[in-house]
Amino acid sequence: MAVAAGALVVVFPVLWMATMAFKPEAVMFARPPVWRFPPTLEHFDYVLAHGFLGNLVTSLVVAVVSTALVVVIGTPAAYAFARFPIRRRDDLLLFVLATRMAPPVALVIPFYLIYARVGLLDTYLGLILAYLTFNLSFYIWVLWSFCRELPVELEEAARADGYGRGQVLVRVVLPLLKPGIIATAVLCFIFAWNEFLFAFMLGGKAVETLPVAVPKLITSQGVKWGELAIVGLVALLPVLAVVFVLQRHIVRGLTMGAVKG
Amino acid sequence: MRARRRTPMLLGAALVVAMAMVAAPSARAWTYREAARPYAGQAITVLDEITPLQETMKTLVPEFVKETGIKVDYQLLNHFEVISRGQADMLSGRGAYDAVMLHSPQMGLLLQADVIRPIDDLLARKELTNPALDLDDLIQPAWDSLAKFRGKTYGLLNWNYNVIYWARGDLLSHQGEKAAFKQRYGYELGPARTLQQMRDLAEFFTRKKGETLAGQTLQSDFYGVVLEGIKGGTTFWTVWTAFIRNFGGDILDAEGRPTIDRPENVAAVKLWADLWKFSPPGQAEYSLIDVPTVMGSGIAAQTLAWSDFVLGIDRPGKSKFAGKFVYAGSPANARAPQTRSAETEPSMIVISRHSKRPEATYLFLQWMVDKATQQRLFQAAGGAGVPIRQSTWNLPVVKQSPFAGLYAAMQESLRYGRAKPRAPKIFEIMDVMSGLVQEIALGRKTAEQGLKEGQEKVLAICKQCTL
Amino acid sequence: MLFPYALIAPALLALVAVALVPFLYTVWLSAHEMQYARVGDFAGLANYRALLGSARFWHSVWISTLFIALAVPLEFALGLLGALVLHRGVRLRAILVPVLFVPSMMAPIVVAILWKIMLAGSWGLLSYNVLERFGLLEGTSVLASPDLALYALVAIDVWQWTPFVMLALFAGLQSLPATPYRAAAVDGATAWQTFRRLTVPLMTPLMAVVVLLRLIDAFKVFDTIFLLTGGGPGSSTESVSLFAYKTVFDFWDLGTATACAVVIWVMFFVFSNVFYQAARRLLGAF
C-alpha cells in the first residue's frame, strides 16, 4: 500500500500534466480544477506551427551524436582501465570522476568565454563537445565497472588462437560488452536529452534544443500552459521508454557503478 | 474639432512642399536603395525583443531586404534573454549580432565596457542618412535621456515602452457601484488619477466569493488591484519610477550616491505595499506577462501595466472583457503632483563595437524609425503599437484606432518618463531591491527596515553608482 | 606496452580539452582584474577576497546548506523505508519499480513544468486543493513566499530523488546474503533485532555511498531552482550555483564569478575523492 501510494505521488503530477495537453483554454484554470472536459487538439496545432518539431530534431541530433562520440572514444578507454596496468591509474580515474562531479554552472562560465572567442557558440559542434564533460567521464566510469566483470579467460584463449590485441577487443570483448555499452550509452543519451544549462547558454537560434525552447511558450499573450504540457510530455517520452526497458541498469548508472543493480 | 484636425494636414502639406524644394537641387531624391548600393548583399543580424510590436515589425522587414539587398536576420527573444544574451554577446566579444536592442538600464554597464558604437559619424554622412529622417520628431525626453551621453549619440529611439493605468470600465461606470463608491469615499468613481485614488478603488472593489459585484454574484474572489510582484522582472523599476519618484524620492541622488532609505521612498513603498492587501494570492510570482493575463481573465479591477502587452489582451477573442477596459496615464501623487513621474522604458537598438557592417546596420535601424515604416507598422498592426514619434499620434490610423483611449494614456505617461540613470551595477541594485520590496509587500519587513537594509546592501554594491 | 595508452589517449585528451583546460582557464581568469570580459592586471587573490567578503555569497552558501540538510535526510529516511517495504515483497512490484525510476530520469525542465502547474497560485492543483483549503496558504502561493519557497523546492527534490534512493537501497537489500538471515530466524530473532543487528551493518557501506551521492547532487542543484524561482523571492532560494550564474550572466562580475567557480570546483574535487575512497573502502567497488 505504502509503495503504491508512493507510486501514485510520483505518477499523479505527470497524469495531470497530460490532461492539460488536451484541455481547452476555457477550463485550464478552472477553480475547482476540472477532470472531465471535451478534449481539444488546439495546443498541438500551436506547437506544430511554432517550430517545435525543429527543436525536437535538434535535441535528437545533439543527443545522438554526442552519445555516439562518447561510445567511440570511451569504450576503449574503459576497457583499458579495467584490463591493463596503467601508470597512475587511480589518479587518472579520479580525474575522470571529478570531471563528472563538477557542477555545470562552474563549467559553463569558461565554456562561454572560450566559445565566444573561437566561434563555437550556437554551433552543433560546440554543444556536442561541451556534453563530453559530463557524458564521457560518466560513460568511462560506468562501463569500466562492466568491463571488470568480463572473464579474462576468453580473451586469453583468443590471444592463444593468434588474435592480436586489437582483434580481441573488436571480436571478443565488444560482443560481450554490448549490453553494458547499450545500457550506459542510453543513459548518456538521456542526460544529453535532458540537459538545460549548457544548451541554454551555449546554444542559440541555430542550435536550440527542446528544453531551451520551452520559454518561447511564455509569450506576450500569456503562458501557453497546454502547449507547455505537450512539450513536457514529448521531453518525457524517451525517458519513459528507457525506464521500462533498462530499469536495472539505471541504479548502476546513477550510482556511478557503485551499486550493481 | 474640425479646425484642429486641419492644422496638422496643413503643416504636412507645407512640409512636403518644403522638402521638395530642399530636394530639388540634388539630382534625385534620397532612397534606401541608393544609399544601400555599396552594401547590398551584406548580411546583418539584429537582436530585438519579442512583443507584439516586434512581431509586427518582423513582417515588414522583407520590404527593407527587397529594397536594399541587405540581408537581415531579425531575431526576436524574450525580455530576459534579449538582455542576457545581447549583453553576453557584446561583452564577451563574440560579435554574432551587429546590433542589439537595449533597455535604458543596460546603458551604464555597456558604456563602461565600451562595447557600443556611437552613430554620430553615420548620422553626419549625407549619403547614408535620409534627409527626411526628422530626428526632432522622436518623442522626448525619452530619446535624449536614453541615447545621448557626454556629447555622443548611441542610437535612435526604437521602442518606447510605457506603463499606463488600466481598469475595468464596465465596473467603473456601473450605476450601483458608482453610488456606493461616492457614498463611501466622497468623490466620483472613475479611473484613478492619483495613487491614493488607486488605493481607494482597490479597497472598494476587493470582494469575496458570494458577494455582489456590479449586480452579479461572484463565483470566486475578486481583487481590487493586480501588480507585478515577481523578484527581478520590472517590479522594482515600477516601484521606483511610478511610486517613489512621484513622492519626490529617488534611489540615487544627483551624484549617483544611493539614497534608498529617504523618508519619501519609505512613504511611497508603504503605499505600494498597501495595495498588495487587495491583490490576488500569488502576486509575488506575477511577471509583467502575468499581470495583463490576470486583467484579461477578469479577476481584478485595475492595474499598472506595460501598454504594449495591453494591445495583446484588449482584443475580441483574447479576453471576455475586450472593449470594456479604460485607460489613463500612470497616476500622480495627490500630495505632490509637481514631482510627477511614470515608468517608461525607452529602448534602442545599438550597433555593436564588434559589428563589421555598421553602415548596413545603420541603414536598417534608420529604416525602422523612418516615418514611412512607422506608419506602415501601425497600419499592419491594425492601429496598435507604441509611438516613438510625436507625429505618430496624429496619424489617421492611430486617431481612429480602437485603442484611441489607450493612446491618450500612453501619451500622458510618456510625457513624464525618462530613461534610467547610467549605473553599471543597476541590475544588481534592482535584484537586491526587488527582493526587499517583495518582502515588505508580503509583510515580512516594514518599509523602514527593508529600505534601511536596502541602503546598506546597495552601498556594498556601489558608493557612487552612475557613470 | 603502448597499446593500453593508445586506447585511453583519445578519451584523456578529450577530457583534458573539455574539463582541465576550462578549469585552468578559470583559475587564470580568477587571478586577474576583470573589467567585464576584458582581462586586466594580475590581481593575486583579490577576487577571492571579494568573494569571501560578499554577504551575498555566504547567504547562498547558507541556502545551499539548508537545502541539503533538509532534502538529503528526508530522501534517505523515506527511501530506506520504501526499500524495506519493497524488499518484503509488494504486489505489482514489476510495475511499481519502473514507475519509481521516472522522476530521477526526468528533465529538469519537465520537473519545473510539472511543479509550476501543481503549485501555481490560485489555480495550481496542489495550491487549490490542499494548501488553500487547509489554510496553509495565505495571500500568496508557495513558490512566491519567501518563507515557503525553499521548502517547496526541497519537497520537489524529495519527490524527485526519494524513489532513486529507494531503488538503490532496494537493489542492495536484494543482494544481501541469505545465510545470516536464516541463522537469525533459527535463533528466533525479532524483525527489529534482525534489522538492527544484520541489515544495518550489512547495508552501511551502501547507505554511505548513496548518501554521499545525494549530497553531491543536492549541492549541484541548479536547473529546477533557476526555472522555478530564479533564486527568489527575495534571495530566499539563491543557492551557490545560482549565485555563480547570476554573478556572471546577469551582473558580469567575472572576477567574483570565476573565483566562485574555482571554489566550487575545488570543493567538488574533494567531494569526488571522498566518494571514490568511500565507495572503494566501504563497498569494495571500483
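A residue is called buried if 20 or more other C-beta atoms lie within 10 Å of its own, exposed if 12 or fewer do, and partly exposed in between, with C-beta atoms placed from the backbone. Good morning, colleagues. The model I am presenting is predicted; its local features need pLDDT of at least 70, side-chain atom pairs count only at pLDDT 80 or more, and totals for chains, interfaces and linings use all residues. Residues are numbered from 1 along each chain as its sequence is written, while chains are lettered from A and ligands numbered from 1 in the order in which they are written.

Let me begin with chain B. B:Asp134 has 16 other C-beta atoms within 10 Å and is therefore partly exposed. Its phi is near 55°, a positive value in a residue other than glycine. B:Asp134 sits in the loop between H6 and H7 of chain B; helices here are DSSP runs of H or I with at least four residues, strands are runs of E with at least two, and both are numbered from the N terminus. B:Asp136 belongs to the loop between helix H6 (120–124) and helix H7 (142–147) of chain B. B:Asp136 counts as exposed because it has 9 C-beta neighbours inside 10 Å. Its C-alpha atom is 28 Å from that of B:Pro402, a residue 266 positions away along the chain. The loop between H6 and H7 of chain B also holds B:Pro141, and the peptide bond from B:Gln140 to B:Pro141 is cis, with omega near 5°.

I turn to chain A. A:Asp122, in the loop between H6 and H7 of chain A, likewise has a positive phi for a residue other than glycine, near 60°. With 19 C-beta neighbours inside 10 Å, A:Asp122 counts as partly exposed. Helix H7 (residues 124–147) of chain A has a kink of about 45° centred on A:Leu132, where the bend is the angle between axes fitted to the seven residues ending at a residue and the seven starting there. Because 22 of the 24 residues of H7(A) are buried, this helix is largely enclosed by the rest of the structure.

Now chain C. Its secondary structure comprises 12 helices and two strands, in the order α-β-β-α-α-α-α-α-α-α-α-α-α-α. The C-alpha trace spans about 75 × 70 × 30 Å along its principal axes, and 53% of the 286 residues are buried.

How do H3 and H7 of chain C cross? The axes of helix H3 (residues 55–88) and helix H7 (residues 149–174) of chain C come within 6 Å and cross at roughly 40°. That makes H3(C) oblique to H7(C), oblique being whatever is left after angles under 35 degrees (roughly parallel), over 145 (roughly antiparallel) and 65 to 115 (roughly perpendicular). The contact of H3(C) with H7(C) has 21 nonpolar, five polar and two charged residues. Here Ala, Val, Leu, Ile, Met, Phe, Trp, Tyr, Cys and Pro count as nonpolar, Asp, Glu, Lys and Arg as charged, and the others, Gly among them, as polar.

Finally, the interfaces. In chain A, 77 residues are in contact with 75 residues of chain C, contact meaning that C-beta atoms, placed from the backbone, lie within 7 Å. The largest share of the chain A side, 13 residues, comes from H12(A). That side divides into 63 nonpolar, 11 polar and three charged residues. Between chains C and B, 22 residues of chain C are in contact with 23 residues of chain B. Thank you.

Terms used:
Two residues are in contact if their C-beta atoms, placed from the backbone, lie within 7 Å. Axes are lines fitted to C-alpha atoms, for helices over the stretch in contact, and angles run from 0 to 180 degrees between N-to-C directions.
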